[in-house]
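Biologist: I am new to this protein and would like to go through its model step by step. Could you show it to me?

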Amino acid sequence: MTASLVLDAGPLASSLSLADLPQQFARLRRIRQWGRLDGVRGAALSVSGLGRAVALGDRVVIERHDEDLPGEVVAFAEDNVTVMPEGRSDGLVPGARVTLAESPVLYPCFAWLGRVVDGLGHPVDDRGPLPQGIHPMPLRRAAPAAFRRHLMGQRLETGLRVLDTFVPLCRGQRLGVFAASGVGKSTLMGMLARFVAADVIVVGLIGERGRELREFLDVILGEEGLRRTVVVVATSDQPALARRRAAQATLSVAEWFRDQGKQVLCLLDSVTRLAHAQREIGLAAGEPATARSYTPSVFAELPALLERAGPGVGEQGDITAIFTVLVDGDDHDEPVADAVRGILDGHLVLDRRIGERGRWPAIDVLRSVSRALPRCHSDAENGLLAEARRLLDAYERMAEMIRLGAYRAGSDPMVDVAIEKHPTFEAFLGQKTDERMPAGDAFAALARILDRAGPPTQPAQPAGQAVAHAR
């Protein structure tokens, strides 16, 4: 190409003197640079002529006869740039102009509450224009410095007795929900969005089925939950770049509210679909496939995104986050689940067998862990929790023999007690979607099951040592 740079100067004068140049250059609106499309190889486009002005992650627009096609730079080598398009490549022609575009930036504000947006901050809820704030929030942002962050704060009441007792959630904690499809992840997220005592809720629906989006908003989340919520969505039929961008936008919106001093609950469903999107992008960029065809960039993207949630810095609020992981084939040791479990501060395991016998939410408390324990519970609460776990474990170890009628009463006193209390434990661990129970009442109910005096009513303890900053 002989020319690849255009200065879009607006109404520049036809003749300029040297003295006028500084003022005239200050009036330049933008610099547009373009290259040309050299080839299409599967999901990747080969572009030349962009020179050294291009960087990884830059957005481009490819000219097409009917509608221009946006894309993103995912790799380059010398003068050749690899672009992944955000859509089908139908209608592209050799030599089509490829123009550099502005990188997306979000401008959240409090008027976004109750709205549904995409990863570019465009409204998708047919409720009119979306007001814009004044502070830009880039989609990619580094996590706060580890030594400047708050410690995890006080226990956060979720309204779900199984969480508040067995797997507690604290301010600034990041918890994973690991489950196969159809085991109640979305329903659990809706209950949390309605019940958790947070100032603002940001929900990211990544790769969600289009039919279920409306159901989640109108039925599971409901009007009450939506009122204090921003929902960022990218459905399963959208390109991989759009799905990844929606996940990044979810954290950017949550960070803006955190920077305003708010306590934010961030719900992202699901990390696995984000990993699938990043795998598509990595393969298009020429990365080698590793474990289960995941590319190395998948395991770099996950901590970069998940670490952005958590405690804030100084006068900021905190981002308490729930990330769902869709375990393939009920394999909880598959690569994405294994990587995420090592990053987060605890995990909830949803078991299909528990749901099949009618207990919802189908949480397996013996396989679920909160790394806020034991510090976020009082000594009395930890005592109740330890005894309950012992009885649940005793029943689980002998469950097969009990169902077959092979267990003889009196063989093990602890198993005898576990069998006696099993129906009441099952009722305690289950909960209706519209039923909310304070943590104090949940511990009192657990104490009654164990025939113990309930723990004294007291404020929840911080998960860390005393924190000097203002909460």
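Biologist: How much space lies in the largest pocket?
Modeller: This is a predicted model, and the value is computed from its atoms. The space in the largest pocket comes to about 480 Å³.

Biologist: Which residues that line the largest pocket are the closest to its centre?
Modeller: The lining has 21 residues. Those closest to the centre of the largest pocket are Ile354, Arg357, Arg359, Tyr395 and Glu396.

Biologist: Which helix gives the largest share of the lining of the largest pocket?
Modeller: At least two lining residues come from each of helix 9 (352-356), helix 10, helix 11 (399-404) and helix 12 (413-429). By class, the lining divides into 11 nonpolar, 1 polar and 9 charged residues. The largest share, 5 residues, belongs to helix 12.

Biologist: Is helix 12 roughly parallel or roughly antiparallel to helix 13?
Modeller: Helix 12 and helix 13 have axes 10 Å apart and pack at an angle of about 170°. Angles over 145 degrees count as roughly antiparallel. Therefore helix 12 is, relative to helix 13, roughly antiparallel.

Biologist: Which residues in helix 13 are met by helix 12?
Modeller: The contact of helix 12 with helix 13 has 6 nonpolar, 1 polar and 1 charged residues. On the side of helix 12 are Lys421, Thr424, Phe425 and Phe428. In helix 13 they meet Ala442, Ala445, Leu446 and Ile449.

Biologist: How do the residues of the contact of helix 10 with helix 13 divide by class?
Modeller: The crossing of these two helices, helix 10 and helix 13, is left-handed. Helix 10 contributes Glu381, Leu384 and Ala388, and helix 13 contributes Phe443, Leu446 and Ala447. The contact divides into 5 nonpolar, no polar and 1 charged.

Biologist: Where is Pro361 placed?
Modeller: Trp360 is joined to Pro361 by a cis peptide bond, with omega near -5°. Pro361 sits in the loop between helix 9 and strand 17 (369-370).

Biologist: Where is Pro374 found?
Modeller: The peptide bond from Leu373 to Pro374 is cis, and its omega is near 0°. Pro374 belongs to the loop between strand 17 and helix 10.

Biologist: What is phi of Glu78 near?
Modeller: Glu78 is in the loop between strand 5 (69-77) and strand 6 (80-85). Its phi is positive although the residue is other than glycine, with a value near 55°.

How values were computed. Residues numbered from 1 in each chain as written. Predicted model: local features only at pLDDT ≥ 70, side-chain atom pairs only at ≥ 80, totals over all residues. Heavy atoms only, no water. Left-handed = near helix turned anticlockwise from the far one by under 90°. Helix = DSSP H or I, 4+ residues; strand = E, 2+ residues; numbered from the N terminus. Contact = heavy atoms within 4.5 Å. Nonpolar A, V, L, I, M, F, W, Y, C, P; charged D, E, K, R; others polar. 1 Å grid on protein atoms, 1.4 Å probe; cavity = no way out; pocket = protein on both sides within 12 Å on 5 of 7 lines; lining within 4 Å. Points joined across faces, edges and corners; volume = space filled by probe spheres on them. Axes fitted to C-alpha atoms, helices over the stretch in contact; angles between N-to-C directions. Parallel < 35°, antiparallel > 145°, perpendicular 65-115°, else oblique.
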